[in-house]
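Subject: Structure for you to look at

Hello,

Here is the structure I promised to hand over. Please open it first, then read my notes below.

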Protein chains: 2
Amino acid sequence: MSKVTVFGAGAWGSTMAQVLSDAGNDVLLWGRSQQVIDEINSSHTNTKYLGSHVLPSAIAATTDLSSAFEFTDIYVLAIPAQQLRTTLQEWKGNFSSDCTIVSTLKGIEISSQMRMTEVIVDVLGPHKIAIITGPNLADELVLRQPAGAVSAAPTLELAEFVRDVFRTPYYRVYTSIDVMGCELAGAIKSVIALAVGISIGMGFGENTQAMLITRGLNEVARLCAAHGSDPLSAAGLAGMGDLVASCGSPLSRNRTFGEVLGRSGSMAKAREQVAKTVEGVASAQAVVEIAHRVGVEVPVIEAVAEIVSEQLSPADALQKLMEITTKGENFIR
Amino acid sequence: MSKVTVFGAGAWGSTMAQVLSDAGNDVLLWGRSQQVIDEINSSHTNTKYLGSHVLPSAIAATTDLSSAFEFTDIYVLAIPAQQLRTTLQEWKGNFSSDCTIVSTLKGIEISSQMRMTEVIVDVLGPHKIAIITGPNLADELVLRQPAGAVSAAPTLELAEFVRDVFRTPYYRVYTSIDVMGCELAGAIKSVIALAVGISIGMGFGENTQAMLITRGLNEVARLCAAHGSDPLSAAGLAGMGDLVASCGSPLSRNRTFGEVLGRSGSMAKAREQVAKTVEGVASAQAVVEIAHRVGVEVPVIEAVAEIVSEQLSPADALQKLMEITTKGENFIR
């Protein structure tokens, strides 16, 4: 049993806190909203984010940053990806040099094209940093439905430590030492999910979706390999698994935005219907640049970037994709 | 342009004939039913299998076996997998030694545990044999929705020849020289799709499905590697792609059967509701034996075999799966 602080009391942070509590840890949940935190402490609910779901009564919550840091030296980050840098800059003085930081964030920092753990190192300097990633939709995980995840860290020792902190009978945590591959796969999946949503909006079925998923992940794998990470991470829970879950969920913002875009051909209409940030839209161009930096062709991802920047209509982008010469199918060679 | 005979005038054979006609070939479609064949010749429809869909008028059809063989030396097989051996035994004298045989069949011959191309060689002896496989649901492909497929053959030359025969603007055909891996992946996907259906029937969502799909394909990859074929075929269109399409389609028999089984816990009820052959049910035990022959652990596939043989209830099988120790995620190492 460990003591763990989870930073972020939204749907995802609260769900991570429950997993960690179910795994036998002593959990403190930090959030900004006094109202949310008071409710968690008094009635063990978080109605704003989790409806009537009752969290384990052992989870304590606080808005006090110093208490949150003093509670333990194992910190789980569950804050919005694009706010990571500014948040860490504010909190910088609170991280001890030997603390363990677990990122549960998915995405690329748009301004710098950095992965989440790169941002952490950039702001805080070297630390023991791991990630938890995989097909983990909060609304299903909070119901304790069976799920798999990956604990990735630079050393197997740290990956196994984090696995042991998180695992419960319903949460199967595998280990990996390929942090970069797992983070790239988890970030890029949102762009592919957008492509799949667009194809659904255009009226296409399972064949087209399956082609985009498979060829999209092939691009992720080649991009990972070119960066020196393991292309097979793309075929694991962080890549294929997370993508399949995102594409299957009618709640996924990437898929929903893509559907409206594919149906209407209009970014304006899609933005109207999905008001929140859509990670795939925000990061498509950044991913294209990351790929081109290492000379990797990523036609599916490029098609999405061209659609969201309104250079091509969905129909023209698909036609362009279909005209590319097919070669050997191989994943990385 | 080539002359091609397609054997089998059901939904799948007729769809393949249309793809081949659209690709610019001169196509003859052979079928057993005089009524179906007459209708294709007179009104270019196959209402029994394809509703009101109108096939290209250039497709000719015949029930005459000699004419079907004499028409060309490129033969595309689209007959039921479990009838392949007896059918080929009947037809044996008609195959010339230098003909090209393209199998579009997916499955393992239950009695022998052989792959489809192994059965072909077993009955006919060595020939130029290739396969076409991938996420190609007939009802979508016949509408000319964009789809991807793999042409696999022992030599790249033959794989490219078959690719060129099949490809159209809406049918993207990649090449592979890993016939074994593509066939194994295409056959085993039905067992994993059954597992996914069972989890849906038990009330679980995208997280659980994504875990079963990803870890199931991990088993396929390890099984492929142990047989000396390319584990990455499992992550390609023949494996991941086909599985994702099967799991997404409410029409898939494996998924539907699994859903009833997961909901009721009863094989009898599932058999009542899905009267036709369910490939995943038929082949689960054969796949377990193929895996054990090379010493590979396949817990997801074993769980399905134990459920369909009524040794374990779906709930007990899932619990057993979740209790297995998690290790490194890696695909093949």
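Start with Arg167(B). Its relative accessible area is 32%. Buried would need under 20%, and exposed over 50%, so Arg167(B) counts as partly exposed. Asp164(B) falls in that middle range too, at 39% relative accessibility. These two side chains meet in a salt bridge, with N and O 3.2 Å apart. Why can such a pair form? Side chains of opposite charge can pair when their charged atoms come close. Please keep in mind that this is a predicted model.

Next, look at a pair in chain B. Asp242(B) and Lys189(B) also meet through their side chains in a salt bridge, at 3.2 Å from N to O. This pair links distant parts of the chain. Asp242(B) sits in helix 11 (residues 237-248) of chain B, while Lys189(B) sits in helix 9 (residues 179-201) of chain B. They are 53 residues apart. Are they buried or exposed? Asp242(B) is buried, and Lys189(B) is buried as well.

Now turn to chain A. Lys189(A) forms a salt bridge with Asp242(A), and their closest N and O atoms are 3.2 Å apart. Here, too, distant parts of the chain are linked: Lys189(A) lies in helix 9 and Asp242(A) in helix 11 (residues 237-248) of chain A, 53 residues apart. Both Lys189(A) and Asp242(A) are buried.

Stay with helix 9 of chain A. Where is its kink centred? The kink is centred on Lys189(A), and the bend is about 30 degrees. Then check the length of this helix. It has 23 residues (179-201), so at 1.5 Å a residue it should span 33 Å. The end C-alpha atoms are 34 Å apart, which agrees. Helix 9 of chain A is mostly covered, with 22 of its 23 residues buried. After the helix comes Gly203(A), which has a positive phi near 95 degrees.

There are other salt bridges to find. Over all chains, the structure holds 22. In chain A, a network of them links Arg85(A), Glu109(A) and Asp122(A).

Last, a word on the record. An unreviewed UniProt entry annotates residues 3-156 of chain A as "domain: Glycerol-3-phosphate dehydrogenase NAD-dependent N-terminal". Over that stretch of chain A, the chain is 35% helix and 24% strand. The end C-alpha atoms of residues 3-156 are 21 Å apart.

Best wishes

Technical notes
Residues are numbered from 1 along each chain as its sequence is written. Chains are lettered from A and ligands numbered from 1 in the order in which they are written. This is a predicted model: local features need pLDDT of at least 70, side-chain atom pairs count only at pLDDT 80 or more; totals for chains, interfaces and linings use all residues. Side-chain values use heavy atoms; hydrogens and water are left out. Helices (H or I, at least four residues) and strands (E, at least two) are DSSP runs, numbered from the N terminus. The expected span of a helix is 1.5 Å times one less than its number of residues. The bend at a residue is the angle between axes fitted to the seven residues ending there and the seven starting there. Buried means under 20% relative accessible area, exposed over 50%, partly exposed in between (1.4 Å probe, protein chains only). UniProt positions are given in the numbering used here, feature names are shortened, and annotations may be inferred rather than shown by experiment. A salt bridge is a side-chain nitrogen of Lys or Arg within 4 Å of a carboxyl oxygen of Asp or Glu.
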